[in-house]
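Dear colleague,

I am passing on the structure below, and my notes on what was found in it follow.

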Amino acid sequence: MENSVKRYNRVQIILHWLIAAIIFGMIALGLFMIELPKQSELPPGEESVRAFYFLLHKSMGITVAMLIVLRVLWRLTHKAPVLPDTISKWQQKAAGAVHILLYAVMVAMPLSGYAQSMFSKYHTKFWGIELPRLAEADTEMRELFSQVHECLAFLLIGLIVVHLAAAIKHRIAGNGISERMSLK
Ligand code: HEM
Ligand code: HEM
């Protein structure tokens, strides 16, 4: 009888940790950069670093979006390994729901960020390459997508807390679930 817990495959594991690390960085960078003073708020002679961090956030955000597309395509063509029967039905359903929400927010985050950037008066650059403007600058639309991006960021943080709590619970229980995604 098979009693070892089935694991995710190598590609899923590498993409999971690479994207998770970048997302942690993106959340920290986003929260840090919005507090930086604008050029107009600084005394003459002092230069604002705000634009530098905004451009870094946008380039990193578009990069992680590409990895997320790859991950979603991989996931659509490769099933998750089945959970053992020792995990109750409600826990399997809860895990499935949180994972779907994590995927949905992972996709919506860069889209809303890109939309607010398109509607702002500033350029959207990808590691120095200026991207074509898809829409005219529009303050109301920029504000709308800025709010969407912010709400999604807090939803994402909430989902990660639940996800992490479940991973820790399984690690303490020693049931092999958290090892399904471990790099070893
Ligand atoms: C997974 C990807 C992303 C994550 C986790 C993320 C996270 C965040 C967070 C936590 C903030 C600060 C809270 C807020 O005011 O919204 C923020 C702000 C911002 N993000 Fe993102 N972001 C992502 C992708 C992007 C992309 C792709 C762009 C644009 C190309 C972008 C553009 C912005 C801008 C312009 C702000 C400042 C908002 C403002 O001034 O109100 N983000 N992001
Ligand atoms: C330190 C933080 C994290 C830990 C310890 C962790 C751990 C895990 C583990 C153990 C699994 C496998 C669950 C199972 O066996 O059914 C998993 C799956 C998953 N994780 Fe994480 N994770 C972390 C961060 C993240 C982040 C930041 C995201 C995305 C924003 C994320 C998204 C997902 C998704 C979508 C799945 C489901 C994979 C699938 O079935 O396709 N995780 N995680």
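The predictor's confidence in each residue is given as pLDDT, which runs from 0 to 100. This is a predicted model, in which local features need pLDDT of at least 70 and side-chain atom pairs count only at pLDDT 80 or more, while totals for chains, interfaces and linings use all residues. Residues are numbered from 1 along each chain as its sequence is written, with chains lettered from A and ligands numbered from 1 in the order in which they are written.

For the protein, the mean pLDDT is 95, with 98% of its residues reaching 70 or more. Confidence is highest in H1, at 98, and lowest in strand S1 (residues 125-126), at a mean of 94; helices (H or I, at least four residues) and strands (E, at least two) are DSSP runs numbered from the N terminus.

Around ligand 1 there are 24 residues, of which Gly30, Gly61, Gly113, Glu150 and Ala153 come nearest (a residue is near if its C-beta atom, placed from the backbone, lies within 6 Å). Two or more residues of this shell come from each of helix H1 (10-33), helix H2 (50-77), helix H3 (89-119) and helix H4 (139-173), and H2 gives the most, with seven residues.

As for the packing of H3 and H4, their axes (lines fitted to C-alpha atoms over the stretch in contact, with angles from 0 to 180 degrees between N-to-C directions) come within 8 Å and cross at roughly 155 degrees. H3 and H4 are therefore roughly antiparallel to each other, a term that applies to angles over 145 degrees.

With best regards

Key:
Parallel < 35°, antiparallel > 145°, perpendicular 65-115°, else oblique.
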